[in-house]
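Me: Please take a close look at one helix-helix contact in this model, and set it in its chain and against the partner chain.

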Amino acid sequence: MDDVTQAEDFRARVLVVDDDASLSEMLSIVLRQEGFDAHLVERGDEALEAFHVYKPDVVLLDLMLPGKGGIDVCKEIRAESGVPIVMLTAKGDTIDVVVGLESGADDYVVKPFKPKELVARIRARVRRNDAPGADSLTVGPLNIDVAGHSVTRDGQPVGLTPLEFDLLVCLARKPWQVFTREVLLEQVWGYRHAADTRLVNVHVQRLRSKIEIDPENPEIVLTVRGVGYKAGTSGQQ
Amino acid sequence: MVGQSLPGALRRGLTFWRRSIQARVVVSTVLLSAIVVTAVGWFLLRQVEQGLVDDRVAAVLSEVANENVQSENRLAAALGTETDGLQQSQDFFTSINSSGQTRGFHVVMTGRGVSATVKRDVESVPQSLIRHFDTRQDTSAQAAWTFTTLHSSTARGAPTEQPGIVVGTVVLIPADQSKRTVYYLFPLDEVQKTLALVERALLTAGVLLLLLIAALTWLLTRQIVTPIRLARRVAERLAAGQLQERLRVTGEDDLARLATSFNQMATNLQRQIRQLEELSRVQRRFVSDVSHELRTPLTTVRLAGSVLHEARDGFDPETRRAAELLQTELDRFETLLVDLLEISRFDAGAAVLDLDDVNLTDVVRRVIDSTRSLEEQRNTRVTVRAPETPCIAEADVRRLERIIRNLVTNAIDHAESREVVVTVAADDQAAAVAVRDHGVGLATGESAMVFNRFWRADPARARTSGGTGLGLAIALEDTHLHGGWLQAWGKPGEGAQFRLTLPRYAGMPLRHSPLPLVPDDAAEVVA
């Protein structure tokens, strides 16, 4: 990921799945202005095929789609790829948002959104967390290869999405520190203002289900009641 | 006080008495019947007694008359054979006495030399009767009687008393032509025994009658009360939301008709509620649809407006201004839409809490950080007074933040460039945030109206902040969702204070707030 390629060739590719033609067109205008490449799909059942062909860096996914619902599309994409998915939702209700996040979406934007807000969300997903620091981290039984973006548990590779990986690395870099949900939102999701802390809750659950032996009694990502989360004591070994 | 000192059993009894119509009806009926039965019994007893005594008196008098005739005959037969008056009267007494012993009466004879008179019997003759005969010595053969108390002794010599009748007659002893008074003492023990028997019979009959009345009343009230209790149970279930509950109708009597009417009422209620539920559902659905349908085009417009706004430098001044206006008004439109949807969600009862332990001080500081730009724009300053210790309450942090942001921006809007103070406090029962401004304040009666939707203190006042008019209404709904209080205090010219109180644990009833509603500085002015 060199600066040169990023400036010349690397225009992040965004797959927009939305049934509203005007909105899709408007989105593509805004995204192009902001330096992204956009591809539009109007139907849910065409989304996966377009995903295979276009190979996007980010998927913008409306929840109400003809052909196939956004939640199903989200699950299908997540089943085969860790590509960041940002939901476009018209409802701010808890259930819709939580169902969307649980089906694999990394983040969500509630309509009507400001273009800057959307672009900030996409940038946060596309950006690679290349903060300086140790190349290899250890939390409990987990070995994290930061540069190689891979996690192994007792030698077995664990498949994490980039977001889950970022979340784990963020916690593992400072195992002595308790992170509030707000701090995690800022460091992992890139929110500058307070946002919906349910994002953190849902993704911590997803992360635990992949790395913990018993997600009900977590040992690696611990809840500090009333404050937030912290990485389990790595001093155990 | 009384309730506390009463023992548990008595209190339970009193509760039962208050709650049970059946117990009250049975007890009052039995009490009234007892009074009547006692009166009737007493009257009967007196009547029987009177009759018995009258009979006995008549019998006694005829027996005395009979005895007199016999003894006079005996005296007449002895005339001439005996000249000693004393001896004659002695014989006379002996003969009556012996006949009295077989017939059950005692005899007392007064006058000289009567030795055979038993002393106890003499005492039994009342003085009034003796005086009667003393004064009328001449009226011979004229009998007189009265009631008395008979003194006698039992076989062991102990004195006993019993009621009796004493009849006095005057006898002329032929031997010495002397007059002697003879008293016949008849006991009334037979009458007394009969009376005791009647009394026992009446008492038994009265008790049985009362038991019968009690049982009857209990049965009767049970027939009335049981359907009422059933109806109460069904009504309670209806009230609890089990709208399909109905009473069983048997027969055609008044109770059956009551049950029918009750069921009709329940059916009507059920239909009305179903209709309202349906309406509410349709409305909720409509709001949700409107939400989706409005938001998508609004997003497009919003994006288009932004693109125009970004490119405004290349426009001529008027088009540029138009692009700017488009942008700001879209902001307002969007806030209004969001607030409206939030309010309709509250109205539909669809708002839910996502609870967690929250430090109110943290939330307040975060909100104030985010309102810095508004603060500078309105040339005011917001300061926080909070204790060192965290002020923890169980709350939905998103809603709590919205409440506090609404209160703070509202205060900044009305602060007239004076200081705004946010105070935080907590105890183990509750946590509170008070937002105080020193602006125009609130007129009397306005402190309740500030929470009304789209309410404005002064309609003519310029709308500078761009508030939707729904902020405080939403804050109040959010607070109620937590089971908390949101109250306003204000005085014209002295500013206003809004106080939010949340229970330490959601759903715990609130009794007090850790902060006063009327700020200390204003309370002094009032005093």
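Reply: In chain A, 55% of the contacts with a separation of 6 or more are between residues 24 or more positions apart; two residues are in contact if their C-beta atoms, placed from the backbone, lie within 7 Å. The model is predicted: local features need pLDDT of at least 70 and side-chain atom pairs pLDDT 80 or more, while totals for chains, interfaces and linings use all residues. Residues are numbered from 1 along each chain as its sequence is written, with chains lettered from A and ligands numbered from 1 in the order in which they are written.

Chain A has 9 helices and 12 strands, taken as DSSP runs (helices H or I, at least four residues; strands E, at least two) numbered from the N terminus. Of its 237 residues, 39% are buried, that is, have 20 or more other C-beta atoms within 10 Å of their own.

Helices α7 (residues 162–173) and α9 (residues 198–211) of chain A have axes that come within 10 Å and cross at roughly 90°. α7(A) is therefore roughly perpendicular to α9(A), a term for angles of 65 to 115 degrees. From α7(A), the contact takes A:Leu163, A:Glu164, A:Leu167 and A:Leu168; from α9(A), A:His203, A:Arg206, A:Leu207 and A:Lys210. These residues divide into 4 nonpolar, 1 polar and 3 charged; Asp, Glu, Lys and Arg count as charged, Ala, Val, Leu, Ile, Met, Phe, Trp, Tyr, Cys and Pro as nonpolar, and the others, Gly among them, as polar.

As for the partner chain, 22 residues of chain B are in contact with 22 residues of chain A. On the chain B side, α8(B) gives the largest share, 12 residues.

How values were computed. Axes fitted to C-alpha atoms, helices over the stretch in contact; angles between N-to-C directions. Parallel < 35°, antiparallel > 145°, perpendicular 65-115°, else oblique. Buried ≥ 20, exposed ≤ 12 C-beta atoms within 10 Å, placed from the backbone.
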